[in-house]
Amino acid sequence: MKQVTKHIILIVVVGLLVYALSLHNSFVWDDEEQIINNTLVHSLANWKSFFTGGAFNSGGTGHLLGNYYKPLMTFTFSLLYSTFGPNPFAFHLTSLILYISSAILIFLFFKKFFTESISLILSLIFLVHPLYSEVVFYSANLQDVLFFFFGMLSLFNPIFLIFSLLSKETGIIFVFIGILYSFLFDKKRIKKVIVVSVLTIFIYAFLRFGIAKIGFEKVTLAPLAQENLVIRLVNLPKIAFYYIQNVIYPYNLVPNQHWYITKINFSDFFLPLLILIALLTLAFVPVFKKNKIYTFFLIIFLISFIFHLQIFPLDVTVSGRWFYLPMFGLLGCLGSLIPKNNQKLPIIAAIIIAILGFRTFVRSFDWADGMTLYSHDTQIIKDDFNLENNLGVELYRIGKIKDASVHFQNSVALAPFWWTNWNNLGAYEESIGNYEAAKNYYQKAIDNSDYYLAYENYAKILIKQGKKDEAKKFLEEIALKKFPQNQNLIFLLQIL
């Protein structure tokens, strides 16, 4: 027991050494729309709305927006904001505590199958690997650390399954993992696990479909999600190869990438397909040798990995955080193949952990703030409409509006179907006095989606143009009917 405690302390120390500097990083990306500007999560008094809507800023509609049902995440945001205010340190610390705790749970779970030293090595690799390090650096990814933490707890006690599902839809995979584990290794508790799992799914379905009325609508923003199944399947080998490559050599850690291929060629299709076939062939060899532990973890890996290969449309092409759960299965497979008495293992493992940990430590500096992150990542991924827009926003905020406009224009050219980039391009035109062009761009943003900022900006531009009657009519008959609690729109109407 003392040895276990020492190993747990080691996991905590390594986690703090690798990630502690990131605690002082700023809010970035969706942190603004899910935390800073999301007024509903600023008070726990709104807790009912967390279970009756999505996860994004309502813009004044009175309920949370979006197709993602993550009430435990929004509740946690609200708890942190109510206690600490808009302090990114508190949010980053919460993510880190949950993340390190998950690594400890992995260590304890692996001990059921492997030696303590092997379990420690695997949990440390999981802890420091940079591929999904964004789940710690990025507060809006709290959903991932929450669902995984409670999912791991459910393998010890299935009562935690509901918390995993209410954190993120992917928690459903832990339902299958729990049943499979009980069937293979702990048949005494299988009835309890099945009963709790069925009850969990029922409660979740009732809350999501019955109360919140959020279905599994098709994602339309991501370019690949707009393509048909054939195109998505053509991209599958390259998508799979992206994750495999970055597990071994983590260099491309840009989150939320939108690239995709439209034509079959050797480098983008046949080469990754051949590598994928070869790896799958090797992966099934231990299964044929009836290695039950290996088979268990291989199933975990395959189920969680397949979910993120665009067979079903997703909101981005690839994202490192999507390998968070598959990594658990992959390390379990590795653990079942490692010889127990390999004397060189500690040295080799220490080198691997040190290299991976250093890479993650360096990556933490990229997440210092929005300007640093987007400036860095746009050098790795070219022509990404989201990154272009985000970099433009940061440049605009520091007064480099001409430079910002170039990135807004790039984003619009890459994603004319989006709305945020059109709104931001309108803000640029407004800043240089081109009111009519700004008005047209705001209208384009409104046409693409009911974006609350575009409604606010459209009303403001009408007022600046002296079209007060038109602005009043727009506010009363259109804008405030969509966003009746939007304080900016109400203020503009009061001014008129």
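## Helix H15 against helix H16

H15 crosses H16 in a left-handed manner. This is a predicted model. H15 spans residues 292-306 and H16 spans residues 324-337. Their axes come within 8 Å and cross at roughly 160 degrees. Angles over 145 degrees count as roughly antiparallel, so H15 is roughly antiparallel to H16.

On the H15 side, the contact uses Ile293, Tyr294, Phe297, Leu298, Ile300, Phe301, Ser304 and Phe305. H16 answers with Leu325, Pro326, Phe328, Gly329, Leu330, Gly332, Cys333, Ser336 and Leu337. By class, this contact counts 13 nonpolar and four polar residues. It has no charged residues.

## Helix H6 against helix H16

H16 also packs with H6. Here the angle is about 155 degrees, and the axes lie 10 Å apart. That makes H6 roughly antiparallel to H16. The crossing of this pair is right-handed.

H6 contributes Ile118, Leu122, Ile125 and Phe126 to the contact. From H16 come Tyr324, Met327, Phe328, Leu331, Leu334 and Gly335. The class count is nine nonpolar, one polar and no charged residues. Phe328 of H16 is listed in the contact with H15 and in the contact with H6.

## The second largest pocket

The second largest pocket has a volume of about 990 Å³. Its lining holds 37 residues. Nearest the centre lie Ile244, Val247, Ile248, Leu330 and Leu334. Leu330 is also part of the H16 contact with H15, and Leu334 is part of the H16 contact with H6.

Several helices give two or more residues to this lining. They are H6 (116-128), H12 (229-248), H13 (266-283), H15, H16 and H17 (345-366). The lining divides into 36 nonpolar residues and one polar residue, with no charged ones.

## The cavity

How many cavities of 30 Å³ or more does the structure hold? It holds one. Asp144, Phe147, Lys168, Thr170, His308, Arg321, Trp322, Tyr324 and Leu325 line it.

H8 (142-154) and H16 each supply at least two residues of this lining. By class, the lining has four nonpolar, two polar and three charged residues.

Note on methods
Residues numbered from 1 in each chain as written. Predicted model: local features only at pLDDT ≥ 70, side-chain atom pairs only at ≥ 80, totals over all residues. Heavy atoms only, no water. Axes fitted to C-alpha atoms, helices over the stretch in contact; angles between N-to-C directions. Helix = DSSP H or I, 4+ residues; strand = E, 2+ residues; numbered from the N terminus. Parallel < 35°, antiparallel > 145°, perpendicular 65-115°, else oblique. Left-handed = near helix turned anticlockwise from the far one by under 90°. Contact = heavy atoms within 4.5 Å. Nonpolar A, V, L, I, M, F, W, Y, C, P; charged D, E, K, R; others polar. 1 Å grid on protein atoms, 1.4 Å probe; cavity = no way out; pocket = protein on both sides within 12 Å on 5 of 7 lines; lining within 4 Å. Points joined across faces, edges and corners; volume = space filled by probe spheres on them.
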